[in-house]
Structures are given as C-alpha cells and as structure tokens.
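Biologist: I would like a close look at one part of this model. Please take the charged side chains and walk me through their pairings.

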Amino acid sequence: MTETKSLTLFNSLTRQLEPFQPVHAGEARVYSCGPTVYNYPHIGNMRAYVFADILGRTLSHAGYKLTHVINITDVGHLTDDADAGEDKMEKMARTQAQSIWDIAAHYTQAYWADIKALNIRQPAKWSIATDYVPQMIEFAEKIAPNHCYELESGLYFDVSTVSDYGRLARAVTDEGEGRIEAVEGKRNAADFAIWRKTPAGEKRQMEWDSPWGRGAPGWHLECSVMSGDLLGFPFDIHTGGIDHREIHHPNEIAQNQAFCCTNGLDVPANSGAKLWMHNNFLVERSGKMSKSSGEFLRLQLLIDKGYHPLGYRMMCLQAHYRSELEFSWEGLAAALVRLKRMIMVVERLGDVEPGDARHPKLAPMLETFEKAIGEDLNTAVALTALEEVLAAKKVDPGAKRAAIEAMDSVLGLDLFGTGRADLRIRPKTAEITEAEIEDVLVRRKAARAEKDFATSDALRDELAAKGVEAMDGDPLGWEWKLG
Ligand code: AMP
Ligand code: ZN
C-alpha cells in the first residue's frame, strides 16, 4: 500500500480541525452535494466544486485512493430549502414550456461544461437523483415506522426522534421556525418532508408510486440515499456550501441517524459521514449572489467578457475556502494576471524532462506547500510556495518542472496545458479577429524598426478604433488587449 500523508481538515460537526482518519485504510470516500439542474449554475455554485476538487486532489496527492461522488438533483428540490414552495424543476419546466427531462439534460450539460472549463476532475460517479427513486422508497420505508408520520401532503420526518437534531447547524431547533413555512399538522417546526404526495387532482411531470401515494421524494432524502448507497455508511467526507450546514445537511444527518440505528449499525454518531465540510460563499458587493437579480454571473458570462475560466479558478484559490470571497471584475483580472505570470515561467522552461523535485533549493518550498495544503487546504499559502519555486534561480530545470507539476496536480491550474496567449482578454463581442490584430502588429513593428513613427502611430490608432490596445513594452508580454 502506498504511504499516506497526514492531513488536517475542519469538521463543521465539531467546528474543529481534525486529523483525517479514513474509515477504510488507504481510501477516501467523498460525497459532494451537486447542483439542482433547473437553471445554469452561477460562479458561486462553482466555487463549491472548485473546493471539492481541491479536497479530492489533496486526498489523492496524499496517497489516498479517492472515490468521489457528486449528485445531480433533477427532482425534489423546492424553491425554498424548507418545505415551502414548489419543485424547482417543475416550475422551470412550466415557465419554459419544456419537459423536465429536457430541462435537466440541458442544465446538466451546461454544468458539466463549467466543470471542464474550471479543470475540475471528473468524480468517480455522477449520481442522478431520478435513478435512485426505488432505493429512496426503500430507505424511507425502513425509517418510517419509528421516525416519520403521514400528513395529507406527504410523509414527514419527526426531528424529535433523533438525538441532538441540528447539532451541525448549532441551531436551537425552533430557530428555523421563521424560515419554515408552516405545514398544517407538523409536530415540530423543523420536521421535513421525505415524500411529497401529488395533491389530489394534480399531475406532476415526475411522480412515482409509493406506500404513501403517488408523489416525489424529498431533496434531503436523495442525498442520504445516494451517499449511503454509493459510499457505504459511514463514509469519510460530505461537502457542500455553507448554506447546507443549516437545513439540508442537518436533515440528511437526522435521516442517516434513523437509518443507521434501525439497522443496528454502530456508526460513529450515526451521522453518515465522519467529516462534514463546507465552503463559504462567493458574494457580490451588493450581497448574496443570485440567479435572478442583477447580472447573472455565470462562468459563460466571464468567458464572453474575455476572461479565461482558469482566472476564476485562481481567484477561488487565492482565498481560503472557509472565508467569504467577494467577486469583482478587477479581482478577476488580477487573478488572471497572476496566472499569466506563472504560465510565462512555465513556457520558458520549455519541454524539459521532469527530474527529481527533491532539489535542496526547492525542498523548503515543497515543504511549505505540503504543510499549507495539508492543513485544511490552505491554497492561498500553497500558491505563494508555488511562486517561490517558479522564481527560484539556478535550479536544474528538470527539478523545477517536477516540483511545479507536483504542485499543480493539487492546484489544478493546468499550467502546462494553457498558453500565455490563451489568457488574453478577448471579449466575444470584439469586431476584430486575432489574425487581423497580429497582422497590424507585424506591420507596426516593421514601421518602428524603420523609425517610421507616423505609420506606427497610425496603425496604433487603427487598432484603438477597433477596441484593441497595443501594449508596448508590457513586462507581462500581453502585447495587446481588447478593451
Ligand atoms: P444548489 O444548486 O443551489 O443546490 O447549489 C449548488 C452548490 O453551491 C451547493 O453546495 C451550495 O451550497 C453552493 N452555493 C450556493 N451559492 C453559493 C455561493 N454564493 N458561493 C459558494 N457556494 C454556493
Ligand atoms: Zn445534498
């Protein structure tokens, strides 16, 4: 068995840093709450998957055999995280006059495109919620006798039947009351639906028969079932955005406790996963990021405005995943420049064969890197260690390359697969092609060589008129940019 490195990770359950101790020696099993595919993800949502990717890469780098599952929620997520509102998928299908299956297929593809553009590794499995409905019914049947009650609208989970409900949220059960729309007959404010019956006289596009009538599973049930089914309880790490710490994950935990107990399984705290990890939010200056208000910050919008998507990945890595991160276009541009500086060094290294990274000059930098990433994924410090390696003088290029490759296998900035020119800012709306720009620049260079400054200036103005700024003597070698 390969040797594994020690890691410390922040567990939201205990609000403490804890050493990572795998359930199965040498393995790491991770489940990440995936998107509800009723709309495009915004870049805040994608921060959650950049975080999960860094976690997965770090576990792999530390020598663990990683099994990562991300789900795709194509049914059951209501417009409100509590039991209010309607199914997000049904609502979108109605407003767009399309079938739910088409909506799900379209937005799943869009999400996967973002995953790829951000150089997020493919998980071992994308689990699709609608593929697991029989297992969900089975799970619900097991826990129903001791933990659930039926109302006209569905089958509800009684949170008072499990110990310490809501410990993940650190909330008094009733605190959520204001946010949870009352459902007539609920025993506790925090009780939640695990099966929602289709109201009499109505027809849903997606519905299944169950012991509680025709209807659809609750969103929380889906994640309990898919994670347990694919990774086995208990598994190592469950991830999601910090909003899930308040309702979704406490409810998953309650279900897992009920399920594991009825099976007589002696699971640590019966929580399903040993570690629960949450990324903080990407926010806009105006507040919370949203798909409905203001400019909808999709990754594609960044790309259309001319920013390479890896600039956004860099932006995420510059902050610690547990800190809030404010999005700004200036911040994105700065992150892109930082990435470009790295890639310039890598391009200068050329095609040198990777050697042994353990060069005495690089050793302390590698150590700083390992320590940073191994202590709760401190990517901000890891980036500075990488920059030290890039700047190191008089080091065998092969050793340097090996060290950069090792670091980039964790950071995933694709330093060897991206060219400097790829990072040029070029909005989709630009009316001039790159070949045309290059052509003018070549003529301008020739004019300057002949000290024909009149022509050179005229060509510069010609470019400016088309929105191209020629950047003479730019130390970063951008040469031009589209404004
Ligand atoms: P959803 O599709 O709404 O279930 O969200 C997908 C993932 O994105 C979940 O893990 C959320 O917790 C997370 N998330 C939602 N908004 C943000 C945000 N602004 N910043 C970071 N993560 C977020
Ligand atoms: Zn989930």
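Which side chains meet in a salt bridge at 2.9 Å, N to O?

Modeller: Keep in mind that this is a predicted model. The pair you ask about is Glu-27 and Arg-29, whose side chains meet in a salt bridge at 2.9 Å, N to O. Are they buried or exposed? Glu-27 counts as buried because its relative accessibility is 17%, under the 20% cut-off. Arg-29 has a relative accessible area of 19%, so it is buried too.

Arg-204 and Glu-90 form a salt bridge at 3.6 Å, N to O. Arg-204 sits in the loop between β8 and β9, while Glu-90 belongs to helix α2, and 114 residues separate them. Arg-204 is buried, at 11% relative accessible area. Glu-90 is buried as well, at 13%. These two also belong to a network of salt bridges, together with Asp-87 and Arg-196.

Lys-197 has a relative accessible area of 22%, so it counts as partly exposed. Glu-150 is partly exposed too, at 44%.

Notes
Residues numbered from 1 in each chain as written. Chains lettered and ligands numbered in written order. Predicted model: local features only at pLDDT ≥ 70, side-chain atom pairs only at ≥ 80, totals over all residues. Heavy atoms only, no water. Salt bridge = Lys/Arg side-chain N within 4 Å of Asp/Glu carboxyl O. Buried < 20%, exposed > 50% of the residue type's maximum accessible area, 1.4 Å probe, protein only. Helix = DSSP H or I, 4+ residues; strand = E, 2+ residues; numbered from the N terminus.
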